[in-house]
Amino acid sequence: MTKVHIIDVESGNLRSLNNSIEYIGDYEVVYIRNRDDFSTLDKEITHLIFPGVGNFGHFVRELIKRDLMEPVKRYVNEGRKLMGICVGLQSLFSESEESEGICGMSLLDVKLTKFDTSDPTFKTRGLLKSVPHIGWNTVHSLTPSKSDRCLYGMNTQDKYYFVHSYAAKVDTPRIQNLISKAEDSGWRFGLSKYGSETFVAAISKGSFFATQFHPEKSGVAGLRVIKAFLEDSADEIINTTSSTPSGLPSRRIIACLDVRTNDQGDLVVTKGDQYDVREKSGSSDGSVRNLGKPVELALKYYEQGADEITFLNITSFRDSPLTDLPMLEVLRQAAKNIFVPLTVGGGIKDMKDPVSQEMVPALKVAELYFASGADKVSLGSEAVTIAEQYYQADKIKSGSTAIEQISHCFGNQAVVISIDPKRKFVGSLTETSMQCIEISDPSKFGPNGEKYCYYQVTSQGGRKLHEIGALEVCLACEDLGAGEILLNSIDHDGSNKGFNLELLRQVKENVSIPVIASSGAGCPSHFAEVFEMDCGIDAALGAGMFHRGDYKVADVKKYLLSQGMDVRSEMDMSI
């Protein structure tokens with residue numbers, strides 16, 4: 001059995017990378033966590049993978065703390081096989097705007113900079129570009145006279161999963177100089193485009209190779225890249241027609257699974273109308289609706305082409321997620337065969353360990369999920385509480401909230417907030433301090449003729465009302481470090497009448513982080529409708545329509561393609 005060594009500085013989800021390597025072939029993964037490990041294993045290392053997720057400064061500080069900077073630099077300079085992933089690539093540059101004053105390895109003298117939210121590609125449509133860049137993009141190679149060759153099995157027609165706010169942009173003189181001299185210097189570059197900004201998506205020189213995207217989260221296309229690296233097939237020629245991408249993100253279709261225990265204690269996927277998940281029997285509630293087993297359904301949706309899978313534990317960990325082993329096991333099992341991003345939500349907050357009675361910070365709880373296979377964590381009720389405290393403190397950040405803790409270590413792209421609001425009508429703008437929507441259609445006025453409304457946030461599965469609006473919660477959480485918003489709508493949940501476009505527009509036009517449309521999807525045309533709405537929604541979530549078997553994920557994508565929309569289409573599942 002061939003050994004593959006991975007640098008582990010406890011930065012994000014390495015379980016999926018481990019699983020992808022074992023899925024590909026007869027490989028054994030060995031972790032290197034400090035200089036002593038490196039020194040002990042040095043002579044047996046043939047393929048070293050250098051992955052990372054999150055904040056540049058946190059990652060580099062961990063490398064320094066573990067005394068790994070010099071061993072990795074020496075290893076690369078010796079011309080030995082190394083593959084960097086995401087922040088593993090970024091740390092090889094000299095510095096990043098994300099963490100001023102922190103020096104990377106300087107293998108390339110380039111400074112990483114943040115994507116521009118006022119990008120003209122979006123601004124001409126009256127939109128802010130969402131940052132972080134989350135989604136699926138193609139990669140094109142501009143290496144002179146080698147445009148027909150792909151970096152380690154990369155294909156210019158495939159889409160790869162990116163999740164980052166900072167990048168090595170091609171408009172910097174250093175990168176332009178490297179590309180212009182690439183053929184003579186031995187460098188090869190794969191470039192991608194987000195809006196009008198072109199950035200380095202992959203680089204290689206000799207035995208050194210690194211990607212900004214996550215191959216272990218890029219479906220079969222990404223597995224092929226990892227396989228090519230492990231099998232040393234760097235010069236494989238793939239007959240494709242190279243093209244420069246438009247820079248507009250592909251539409252993401254997300255399958256969501258609400259998970260809870262039923263009355264028999266089994267973990268099941270369920271779904272309800274406006275969060276009532278029990279079967280109706282006459283006038284009384286029946287048993288918890290059972291739509292299938294979480295891992296089996298998640299795998300089915302992955303094979304149908306889902307771009308992401310979200311697990312929401314709606315039991316809310318009534319005791320403690322630290323002892324909720326079934327949900328952690330769901331993640332572990334799902335991550336073995338699902339190679340797209342996994343998000344998990346429920347109970348991520350500071351809490352007391354029921355055994356030791358010691359307080360455990362939200363960061364440690366999140367680390368349990370990342371270690372079990374999650375790529376993002378979703379905060380629901382906790383996000384509402386955090387937002388309320390933020391306004392009570394006059395928008396002064398404490399640095400101690402769950403959002404701040406997790407985003408500081410793992411990056412804001414790892415933190416999703418899930419909001420459950422419902423419409424509240426008001427007769428006058430003076431009745432509330434929340435930002436309201438003016439209703440123009442008289443047929444949609446409130447029961448007493450109210451011409452205004454805002455979306456009042458709830459928590460605890462819609463059971464508790466808060467005196468705060470959805471937009472206000474989203475703005476607070478964005479400022480504190482959240483990287484994505486899962487925007488539900490109690491009014492539309494289970495209705496099959498389409499997404500709440502009014503709510504989505506209000507939020508997306510006021511935040512610069514990605515927004516996922518949720519609640520109300522009943523057919524493929526509802527996804528087209530939300531994507532056609534000109535406010536920048538590029539991800540939408542389906543649940544009941546998939547669970548019931550009304551439509552497959554592939555049916556939605558086929559319909560979107562027929563409407564001229566760009567989606568990831570992965571028909572060949574072989575690697």
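Asp 420 has a relative accessibility of 15%, so this residue counts as buried (under 20% relative accessible area with a 1.4 Å probe and protein chains only; exposed is over 50%, partly exposed in between). Asp 420 belongs to strand S23, residues 415–426 (strands are DSSP runs of E with at least two residues, helices runs of H or I with at least four, numbered from the N terminus). The structure is a predicted model, in which local features need pLDDT of at least 70 and side-chain atom pairs count only at pLDDT 80 or more, while totals for chains, interfaces and linings use all residues. Residues are numbered from 1 along each chain as its sequence is written, and side-chain values use heavy atoms, with hydrogens and water left out.

An unreviewed UniProt entry annotates Cys 86, His 214, Glu 216, Asp 258 and Asp 420 as "active site"; such annotations may be inferred rather than shown by experiment.

His 214 sits in the loop that joins strand S13 (208–211) to helix H9 (219–230). With 6% relative accessibility, His 214 is buried as well. Beyond its neighbours within four places in sequence, His 214 has contacts (heavy atoms within 4.5 Å) with Gly 52, Val 53, Ile 85, Cys 86, Tyr 161 and Val 163. Its side chain also forms a polar contact with that of Glu 216, at 2.9 Å (a pair of N or O atoms within 3.5 Å, one able to donate a hydrogen and the other to accept it within protein; residues adjacent in sequence count only if both atoms are side-chain atoms).

Elsewhere, helix H12 spans residues 362–372, and its buried residues include Leu 363, Val 365, Tyr 369 and Phe 370. Gly 373 follows H12 and has a positive phi, near 130 degrees.
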